[in-house]
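Good morning, and thank you for coming. I would like to take you through one protein structure, moving from the overall picture to a few individual residues.

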Amino acid sequence: MKPYQKFDALANGKIDAFVTRHNIDKNYRTYRPQKNFGDLSFDFQRSNLELDENEIAALSDQYMTFSAVGKFINISYNNQEFSKTVLENGISGELYRFEGRKDKILIEHTSANPTGPLHIGRVRNSIIGDTLSRILSKYGYRVTTEYYVNDIGTQVEALLLGTEIFGKENYTESYRRIYEDFDSYKAKVEEYMIRAESGDSQFLETSRERLEVFLRDVLTDLERLSIRFDFFIWESEFILNGSVREIITKLTPLLKDDNGAKYIESGKDKMYLIRSNGTSVYFTRDIAHHLKKSSEYDNSITVLGEDHKSYFKKIDTAMEILGVHNVHALFYSYISTKEGKMSTRRGNVVYVRDFIDEAIERAREEVLKRRTDLSEDEVSEISNRIGIAAVRYHIIKYSPDKPVTFDWQEALNFEGDAAPFVMYSYARSKSILSKLDKETELVWKFNEPEGALLKEIARFPEVVEDAVRHSRPDKIARYSYELASAFNQFYRDCPVLDSGEHFQKRIEIVRTFTKTMEELFQMLGIQASDKI
């Protein structure tokens, strides 16, 4: 049993016995309070019981101290007993183990049209999706990641036409030129759309072959951020395998006609499924896609920009009609630049590849300020890891629903809430461990600075569970910063290598901190370095 689980269970047992003695309803609220109010609080404001301070204090034992403050009972866990439990959990590895879960979860993220290299506005989708999948995997779920490739639609057909006319070498420029004079090419684009949406298998096969080349551009950039996918699914598959026809058949009793076009009515909304020419729309194929998810997984989460909320509400409505309740979306706000919102159609973009290059170059400048003893290869490796970590961390540390303005100075901060800071704290702990030349007896006696760090380490399972429950990967980033800060305080207050009888205990504390950071880095997609 993990530390807080064990001690919380003991505290709850005593409170249960207390309310039973007083024959009152168990209508109190339990929560983790701010640090200066202890480790666990029970809120009895909904009860008529007047808490007797002496009676509450008498509940105290070797494991915890009880105190009454108005209608609240605050409990503080004994530093010696709690710290020992945490360190034992860390040494055994129990702290990092989660129950294996049978549920299969699908995370669909990125799914950008392969109409150009990925830009930083879209990469937040990728980083959120990848980080969330890592967290869910750590928590014990069987997680699969998916990229949904749109190989049908106006943008895709415009890209294909543009590369035919202007050449595929610079396909982004070819795509842009089509949109500069779209009216001139509209008829041809619509012709391509009809061929695709009607299930012209030869046309779709040729399109996919060409699009795979452009898709590789996106995947190469994501690979640099340690983002990979388990599989890819193509939109056209749902036309070719008959899924679209099955959807129409299932929904036929609800379909209404609009001059040959077919739609479902939902309140004041008309959700069109079939055009007047008989071809399906994107919405119909997306319904088929989500039905596939629902049939193959216990739960699915699609990471989407906030501008897709109204669209996904329509998907929700369609799923409700079809009796499906296990498909969900996680929405995020966008990354802004000084130039405003980005668009590949207008050419007003900051590409991820250029952004990563700049991050690495800026990280290199910071490394050279601090280290003059490294070889060129070492500087290059460390700069690469810091730069990429800075991008991932700075984007993920904000709640998905909050907009992000990328700030280089903040992202590369060695002294604040940023990747270099948490990576440096880890490197400091690794440096201590690299200097070990002995093993001594472990003395199970803890002072306050040691206990403060161990108490922060003990939060690890709860933070992971909280991040999972609320789909909030930012909580992992925030905790890594708080844990690194606690370690730095421990490092200032507690000598390790020259600590006499405390030596082995403090070494084990440092090892446990190091292991905890490695678990966090894995979830955050950060490659640590011992030499920062």
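Before anything else, a term: pLDDT is the predictor's confidence in each residue, on a scale from 0 to 100. We need it here because what you see is a predicted model. Over residues 341–346, pLDDT stays under 50, although the model has 22 contacts beyond four places in sequence for that stretch. Where pLDDT is low, the predicted coordinates should not be read in detail. As for the protein as a whole, the average pLDDT is 94, and 98% of the residues score at least 70.

Let me turn to the overall architecture. The protein has 532 residues, of which 52% are buried. Its secondary structure comes to 20 helices and 14 strands. Taken along the principal axes, the C-alpha atoms fill a box of roughly 80 × 70 × 35 Å. If we consider contacts between residues at least 6 apart in sequence, 74% of them join residues at least 24 apart.

Four strands form an open sheet in the order 1-2-4-3, with antiparallel pairing. Which strands lie at its edges? They are strand 1 and strand 3, the latter covering residues 64–69, and each pairs on one side only. From one strand to the next, the twist averages 20°. Within this sheet, strand 2 (residues 40–43) and strand 4 (residues 72–77) run antiparallel and are joined by four bridges. Leu40, for instance, has Ile75 in strand 4 as its bridge partner.

Tyr31 belongs to strand 1, which comprises residues 29–31. With a relative accessible area of 26%, Tyr31 is partly exposed. Beyond its neighbours within four places in sequence, Tyr31 is in contact with Leu40, Ser41, Asp43 and Phe72. One of these, Asp43, is 12 residues from Tyr31 in sequence, and the C-alpha atoms of the two are 8.3 Å apart.

Next, strand 11, which covers residues 299–305. Is this strand largely enclosed or largely open? Six of its seven residues are buried, so strand 11 is largely enclosed by the rest of the structure. Strand 11 pairs in the parallel sense with strand 5 (residues 104–108) over four bridges, and there Ile107 stands opposite Ile301. Strand 11 also runs parallel to strand 12 (residues 327–332), to which six bridges join it. In that pairing, Gly305 has Tyr332 as its bridge partner.

Finally, helix 20, which spans residues 503–524. How far apart should its ends be? At 1.5 Å a residue, its 22 residues should span 32 Å, and the end C-alpha atoms are 31 Å apart, which agrees. Of those 22 residues, 18 are buried, so helix 20 is largely enclosed by the rest of the structure. After the helix comes Gly525, whose phi is positive, near 70°.

Gln504 lies in this helix. Its relative accessible area is 2%, so Gln504 counts as buried, the cut-off being under 20%. The side chain of Gln504 makes a polar contact of 2.8 Å with the side chain of Glu439. Setting aside residues up to four places away in sequence, Gln504 touches Lys438, Glu439, Thr440, Glu441, Leu442 and Arg511.

That concludes the presentation; I welcome your questions.

Notes:
Residues are numbered from 1 along each chain as its sequence is written. Side-chain values use heavy atoms; hydrogens and water are left out. Helices (H or I, at least four residues) and strands (E, at least two) are DSSP runs, numbered from the N terminus. Buried means under 20% relative accessible area, exposed over 50%, partly exposed in between (1.4 Å probe, protein chains only). A polar contact is a pair of N or O atoms within 3.5 Å; within protein, one must be able to donate a hydrogen and the other to accept it, and residues adjacent in sequence count only if both atoms are side-chain atoms. Contact means heavy atoms within 4.5 Å. The expected span of a helix is 1.5 Å times one less than its number of residues. Two strands pair if DSSP finds at least two bridges between them. Axes are lines fitted to C-alpha atoms, for helices over the stretch in contact, and angles run from 0 to 180 degrees between N-to-C directions.
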